[in-house]
Amino acid sequence: MEAQPTAAHAIETVFRLESPRVVAGVARIVRDIGIAEELAQDALVAALERWPRDGVPDNPGAWLMATARHRAVDLVRRRETYARKLAEIGRNLPDAAPPPEPAHPDDIDDDLLRLVFTTCHPVLSREARIALTLRLLGGLTTAEIARAHLVPEPTIAQRIVRAKRALATRNVAFEVPYGPEREARLGSVLDVIYLIFNEGYAATAGDDLLRPGLCEDALRLTRLLSGLMPKEPEVHGLTALLEFQASRTAARTAPDGTAVLLKDQNRRRWNRMLIARGIRALARADATATGAPGPYALQAAIAACHAHAYSYAETDWRTIATLYALLAARAPSPVVELNRAVAVSMAEGPAEALELVDALAAEPALRDYHLLPSVRADLLSRLGRTAEARTEFERAASLTRNERERALLLRRAAEAG
Amino acid sequence: MPRYLSLVRIDEASAPAEGPSEELMQRMGELIEEITKAGVMLDTAGLTPSAQGARVRWEGGSISVTDGPFTESKEVVGGYALMQCKDMAEALEWTKRFLKTHEEFWTVTCEVREIAEG
């Protein structure tokens with residue numbers, strides 16, 4: 001049974017909830033997210049000293065924000081005084097920091113958006129973007145991020161320090177991009193969230209109960225972003241996609257921890273509430289779209305077809321095949337083509353699909369990808385070309401790194417006759 | 001990340017007859033928007049008075065239906081919030097903030113329960 005949280009735990013909980021906003025609000029003043037995080041931490045230390053003694057303030061978030069902001073303004077003033085003194089002895093006055101503004105809910109949203117675009121900035125490596133986003137927006141501790149990635153804590157700590165330094169030395173502006181840059185930058189933000197989700201999704205077969213739920217952290221981030229950018233269709237598209245994928249979490253792992261494929265999942269274990277949320281988010285993506293749907297909205301639409309189907313066989317494969325064709329045109333990828341082939345095999349038959357799969361045979365990106373021979377083997381077997389099917393199942397078995405999957409593929413090879 | 005159901009219980013007899021004040025609705029609306037934007041609130045709603053509800057009971061192998069209001073209970077469920085939180089401490093923190101939107105003359109109990117997953 002979980003006991004009532006201790007005072008310190010309750011304060012840390014408040015801090016975790018508030019810290020993205022505090023860091024974002026302070027970063028606008030000091031123009032450096034590393035310093036902003038330190039100032040936020042100072043405010044937490046002050047809270048841990050004061051609150052147990054004086055009681056928790058009525059609005060703890062506002063207290064933390066005011067305390068951190070106060071320190072930030074002090075810091076900026078000291079810098080300005082220093083700069084003025086430098087100027088007095090004949091040096092140039094650097095750009096003065098803007099004065100702190102009052103906290104209006106919309107301003108807080110703007111600050112959070114600036115923080116999202118900064119932690120997902122393209123000057124940072126993929127790993128750095130993920131770590132920094134989880135730390136500053138997800139409110140995860142360095143230890144939690146390390147555990148989620150199965151790497152030692154100092155590795156993550158260093159990754160975060162380096163990322164902050166890179167943002168500072170490359171003079172990355174703390175701002176929301178507009179104009180032609182915006183779409184690419186938003187793409188980077190969405191990709192970071194999707195990567196976080198997939199890291200968690202790929203790991204859910206593991207049994208480390210201490211491993212924080214990266215899927216849920218990503219889901220929370222994308223829901224947050226949907227609230228911050230209600231007019232961006234791809235943000236809603238990503239939210240929809242993650243809600244749909246998360247809805248299958250309980251069904252995609254067998255009691256022994258092994259993965260259950262979509263076609264074998266017990267659909268009664270799909271979470272109906274998350275599906276309903278996915279449908280709503282997808283509708284918002286449609287409603288806000290001004291042009292053709294983007295890659296996330298298309299993937300969400302495919303996931304919606306699965307969510308609506310009572311069984312694998314009763315799925316609307318024709319629509320899914322069309323959606324994959326649109327996706328392949330929008331974001332070409334051999335993996336998307338392979339998925340399209342599977343949908344075509346269900347909608348039209350194995351012969352039509354085999355043509356598509358054979359066209360992928362020369363694709364270098366799929367050379368060691370076990371699903372290519374595995375899909376091909378399945379199609380050949382459905383066409384009664386058993387000898388060829390067996391060879392392909394064996395080839396797929398030799399390529400997979402997963403023991404259980406290898407066993408399954410070898411069994412299918414033996415059954416192929 | 002576990003989900004928590006907060007069952008909001010109120011004493012219908014002592015609750016203001018004219019319902020919640022405009023200011024309360026305003027504060028509550030802002031807070032709910034904040035919790036939703038934070039990605040925490042999955043679903044929330046208030047319920048119509050228990051006079052419009054019914055209790056359906058299974059006991060001794062037979063069904064009985066009792067129409068509302070449920071005067072024999074001091075507090076009845078008046079609303080709910082379904083939240084996805086990191087832990088119970090976070091669920092309690094949001095619940096406290098929800099309760100604080102009410103004026104002093106209200107008596108409201110939130111029963112916060114973790115949803116059994118799996």
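Why does V176(A) count as partly exposed? With 19 C-beta neighbours inside 10 Å, V176(A) falls into that class, since a residue is called buried if 20 or more other C-beta atoms, placed from the backbone, lie within 10 Å of its own, exposed if 12 or fewer, and partly exposed in between.

This is a predicted model, in which local features need pLDDT of at least 70 and side-chain atom pairs count only at pLDDT 80 or more, while totals for chains, interfaces and linings use all residues. Residues are numbered from 1 along each chain as its sequence is written, and chains are lettered from A and ligands numbered from 1 in the order in which they are written.

V176(A) is located in the loop that joins α7 (153-169) to α8 (180-203) of chain A, where helices (H or I, at least four residues) and strands (E, at least two) are DSSP runs numbered from the N terminus. Leaving aside residues up to four places away in sequence, V176(A) touches D110(A), L113(A), R114(A) and F117(A), contact being defined by C-beta atoms, placed from the backbone, that lie within 7 Å. From R114(A), V176(A) is separated by 62 residues in sequence but by 5.0 Å in space, C-alpha to C-alpha.

| Domain of chain A | Residues |
|---|---|
| Domain 1 | 246-333 |
| Domain 2 | 350-417 |

The C-alpha centres of these two domains of chain A lie 24 Å apart.

The contact between the chains takes 17 residues from chain A and 14 residues from chain B. On the side of chain A that touches chain B, α1 (7-30) and α9 (214-228) are the elements that give two or more residues, and α9(A) gives the most, with seven residues.

Chain B contains two helices and six strands, running β-α-β-β-β-β-α-β from the N terminus. Along its principal axes, the C-alpha trace of chain B spans about 45 × 40 × 20 Å, and buried residues make up 17% of its 118 residues.

Terms used: Domain bounds come from an automatic or database domain assignment. Two residues are in contact if their C-beta atoms, placed from the backbone, lie within 7 Å.
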